[in-house]
Amino acid sequence: MDKLIKAREIISEVDKEIAVLFEKRMEAVKLVAEYKKERGLPVFDSSREDEVVRTNLENLQDEEIKEFYVPFIKNTMEISKRLQHRILEGA
């Protein structure tokens with residue numbers, strides 16, 4: 001099989017898995033937002049975000065890609081905060 005076709009098939013499969021995991025993460029984010037809403041807590045927690053980045057970097061084995069993972073997880077957290085803001089604002 002052509003290497004490019006095989007690589008694209010792998011990417012497509014991984015993207016499907018990411019979509020499922022993204023949905024699962026956003027469901028958890030909704031729970032976090034409800035908790036914060038009930039207690040009047042802010043969305044942004046810098047120490048928690050630092051912890052998430054640090055912990056997830058430890059999960060990676062390939063040192064070469066770590067620098068690319070940081071913006072990936074930070075972007076995911078930004079999306080999570082937008083969802084939390086929407087919930088806290090009652091939209």
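Student: How much space lies in the second largest pocket?
Tutor: This is a predicted model, so local features need pLDDT of at least 70. The lining of this pocket includes Ile18, Tyr69 and Phe72. The space in the second largest pocket comes to about 310 Å³.

Student: Which helix gives the most to the lining of the second largest pocket?
Tutor: Helix 1 and helix 3 each supply at least two residues of that lining. Among the lining residues are Leu21, Phe22, Lys24 and Arg25, along with Ile73 and Thr76. With 5 residues, the top contributor is helix 1.

Student: How many residues in the lining of the second largest pocket are nonpolar?
Tutor: Sort the lining by class. There is 1 polar residue, and 2 are charged. The nonpolar residues number 6.

Student: What volume does the largest pocket have?
Tutor: Helix 1, helix 2 (46-59) and helix 3 each supply at least two residues of its lining. That lining has 9 nonpolar, 4 polar and 6 charged residues. The volume of the largest pocket is about 380 Å³.

Student: Which residues lie nearest the centre of the largest pocket?
Tutor: Its lining has 19 residues. Nearest the centre lie Arg25, Val32, Arg48, Val52 and Gln84.

Student: Is the crossing of helix 1 and helix 3 left-handed or right-handed?
Tutor: Look at the contact. Helix 1 brings residues including Phe22, Met26, Val29 and Ala33, and helix 3 brings residues including Met77, Ser80, Leu83 and Ile87. By class, the contact has 11 nonpolar, 3 polar and 5 charged residues. The crossing of helix 1 and helix 3 is right-handed.

Student: How are helix 2 and helix 3 set, parallel or oblique?
Tutor: Their axes come within 10 Å. They cross at roughly 140 degrees. An angle over 145 would count as roughly antiparallel. Helix 2 and helix 3 are therefore oblique.

Student: Which residues of helix 2 make the contact with helix 3?
Tutor: Helix 2 passes helix 3 in a right-handed crossing. On the helix 3 side, the contact includes Lys66, Tyr69, Val70 and Lys81. The contact divides into 7 nonpolar, 1 polar and 4 charged residues. From helix 2 come Glu49, Val52, Val53, Asn56 and Leu57.

Terms used
Residues are numbered from 1 along each chain as its sequence is written. This is a predicted model: local features need pLDDT of at least 70, side-chain atom pairs count only at pLDDT 80 or more; totals for chains, interfaces and linings use all residues. Side-chain values use heavy atoms; hydrogens and water are left out. A crossing is left-handed if the near helix is turned anticlockwise from the far one by less than a right angle, and right-handed if clockwise. Helices (H or I, at least four residues) and strands (E, at least two) are DSSP runs, numbered from the N terminus. Contact means heavy atoms within 4.5 Å. Ala, Val, Leu, Ile, Met, Phe, Trp, Tyr, Cys and Pro count as nonpolar, Asp, Glu, Lys and Arg as charged, and the others, Gly among them, as polar. On a 1 Å grid over the protein atoms alone, a cavity is a set of points where a 1.4 Å probe fits but cannot get out, and a pocket is an open set with protein on both sides within 12 Å along at least five of seven lines; lining residues have an atom within 4 Å of a point. Grid points are joined across faces, edges and corners, and a volume is the space filled by probe spheres set on the points. Axes are lines fitted to C-alpha atoms, for helices over the stretch in contact, and angles run from 0 to 180 degrees between N-to-C directions. Angles under 35 degrees count as roughly parallel, over 145 as roughly antiparallel, 65 to 115 as roughly perpendicular and the rest as oblique.
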